[in-house]
Structure formats: structure tokens, C-alpha cells
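Subject: Structure handover

Dear colleague,

Here is the structure I said I would pass on. Please look through it alongside the notes below.

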Amino acid sequence: MNFEIYEMNLKDYDKIYQLWEMSEDIELSQADSYSGIEKFLKRNPSMSFVAWKNGEIAGAVLCGNDGRRGYIHHLMVHPDYRHQGLGRSLVGRCLYALTRIGIQKCHLFIFEDNKDGMDFWESLGWTERVKLTMMSQELD
Ligand SMILES: CC(C)(COP(=O)(O)OP(=O)(O)OC[C@H]1O[C@@H](n2cnc3c(N)ncnc32)[C@H](O)[C@@H]1OP(=O)(O)O)[C@@H](O)C(=O)NCCC(=O)NCCS
């Protein structure tokens with residue numbers, strides 16, 4: 001099935017957010033508010049994408065970098081459009097955008113119980129970093 005894939009545009013924020021909300025495997029926070037995504041897209045231009053089918057949103061992904069490594073967040077394909085290569089396509093766009101600016105490695109965060117997600121990433125050649133864990137701190 002053919003999808004139209006475009007750079008993410010803030011005018012579609014509500015639809016994108018509703019798509020992300022459909023998955024328990026995507027954790028949304030204040031960083032995903034309208035202004036949060038606006039800031040992210042300004043800081044990381046031309047790296048995040050949205051896929052469309054017949055005017056309906058079919059998938060979305062955020063991609064950014066810190067000048068050293070790339071990061072993919074919130075990859076989501078609508079349940080109606082899964083297993084048609086769309087996830088792979090969206091990730092491909094992100095990785096191409098990163099390589100174009102000289103980024104040589106990309107990371108992502110995934111819940112450890114997201115078995116389907118892990119299988120997906122492994123099928124694309126990503127490997128789990130078993131010796132690493134994530135640590136975080138809230139900043140006010
Ligand atoms: C993970 C997700 C993005 C995959 O999207 P998709 O469009 O269905 O994936 P693709 O069709 O591009 O699949 C590419 C390959 O991944 C593998 N794959 C995809 N979904 C899989 C699943 N549920 N189980 C096992 N392997 C899977 C397959 O090998 C597939 O290749 P193939 O079709 O040639 O066999 C989608 O299931 C999703 O949105 N899940 C909910 C949100 C989520 O978990 N996001 C990731 C957070 S890190």
C-alpha cells in the first residue's frame with residue numbers, strides 16, 4: 001500500500017497526538033505538548049515525519065539529534081496500517097536525515113515489555129544495549 005510521507009508539520013499536531021495516544025507503548029508527557037513539539041521541530045528541522053493515507057494519518061515519528069547522536073521517539077503506525085512496511089519506511093527517512101548531517105549512530109528508548117516493538121527494531125538491524133540502563137531526573 002502506498003503512503004504519502006511528509007515532514008512533520010505543527011498544523012497536524014492534534015491528529016499526531018491522537019495517534020500517539022492510541023498506543024500504550026508510547027508514553028506522553030509535558031514534552032509532547034504543542035509548545036514542546038514546536039520547540040523540538042525547530043531544534044531538529046526536517047527529521048520528523050508523518051505518513052498519510054487518503055487524508056487520514058497513518059503513522060508518525062519524531063527524530064532529533066544533539067549534534068553527536070541521533071534519537072528516535074514515538075514511532076507509531078496506526079493499527080489499520082501495520083505490517084505494510086510503513087514503520088520501516090518512517091525509520092528509513094529518519095536515519096537518512098541523520099546521516100545527511102553526519103550523525104553516525106542513533107538511539108531509541110523502548111519499554112522492556114514491548115515485545116512487538118523489540119521484534120520490529122531487531123528486524124531492522126537494531127540491537128539491544130544489555131549493559132546500559134536509563135537514568136532520569138526531573139528538572140523544574
Ligand atoms: C512497531 C511498529 C511501529 C511497526 O510498524 P509497522 O509499520 O507495522 O512495521 P513494518 O511493517 O515496517 O515492519 C517491518 C518489519 O518489522 C517486523 N515487525 C513489524 N511488526 C512486528 C511484530 N508485531 N512482531 C514481529 N515483527 C514485527 C517484521 O519483520 C517486518 O518486516 P516484514 O514485514 O518484512 O516481515 C507498530 O507496530 C507500532 O506502531 N506499534 C505501537 C507503537 C510502538 O511500539 N512503537 C515503537 C516504540 S519504540
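The notes below cover a strand and its partners, the ligand site, and one histidine.

Please keep in mind that this is a predicted model.

Strand 2 covers residues 49-53, and five of its five residues are buried.

Strand 2 pairs with two strands. Strand 1 (residues 4-7) runs antiparallel to strand 2, and four bridges join them. In this pairing Tyr6 is found opposite Val50 of strand 2. Strand 3 (residues 56-65) is also antiparallel to strand 2, with five bridges between them. Lys53 has Glu56 of strand 3 as its bridge partner. The hairpin made by strand 2 and strand 3 has two residues between the strands, and Asn54 in this hairpin has a positive phi near 50 degrees.

The ligand site

The ligand is surrounded by 20 residues. The closest are Leu75, Val77, His83, Gly85 and Gly87. Sorted by class, the shell holds eight nonpolar, seven polar and five charged residues.

Backbone atoms come within polar-contact range of the ligand at several residues. For Val77, a backbone N or O atom is 2.8 Å from a ligand oxygen atom. For Gln84, a backbone N or O atom is 3.2 Å from an oxygen atom of the ligand. For Gly87, the distance from a backbone N or O atom to a ligand oxygen atom is 2.8 Å. The ligand taken alone exposes 910 Å², of which the protein buries 78%. Strand 4 (70-77), helix 3 (86-100) and helix 4 (115-123) are the elements that give two or more residues to the shell. Helix 4 gives the most, with five residues.

His78

Where does His78 sit? Its place is in the loop between strand 4 and helix 3. Is His78 buried or exposed? His78 counts as buried because its relative accessibility is 17%, and the cut-off for buried is under 20%. Apart from neighbours within four places in sequence, His78 is in contact with Leu19, Met22, Ile57 and Ala58.

Regards

Methods:
Residues are numbered from 1 along each chain as its sequence is written. This is a predicted model: local features need pLDDT of at least 70, side-chain atom pairs count only at pLDDT 80 or more; totals for chains, interfaces and linings use all residues. Side-chain values use heavy atoms; hydrogens and water are left out. Buried means under 20% relative accessible area, exposed over 50%, partly exposed in between (1.4 Å probe, protein chains only). Two strands pair if DSSP finds at least two bridges between them. A residue is near a molecule or strand if one of its heavy atoms lies within 4 Å of it. A polar contact is a pair of N or O atoms within 3.5 Å; within protein, one must be able to donate a hydrogen and the other to accept it, and residues adjacent in sequence count only if both atoms are side-chain atoms. Accessible areas come from the Shrake-Rupley method with a 1.4 Å probe; for residues, only the protein chains shown count as cover. Ala, Val, Leu, Ile, Met, Phe, Trp, Tyr, Cys and Pro count as nonpolar, Asp, Glu, Lys and Arg as charged, and the others, Gly among them, as polar. Contact means heavy atoms within 4.5 Å.
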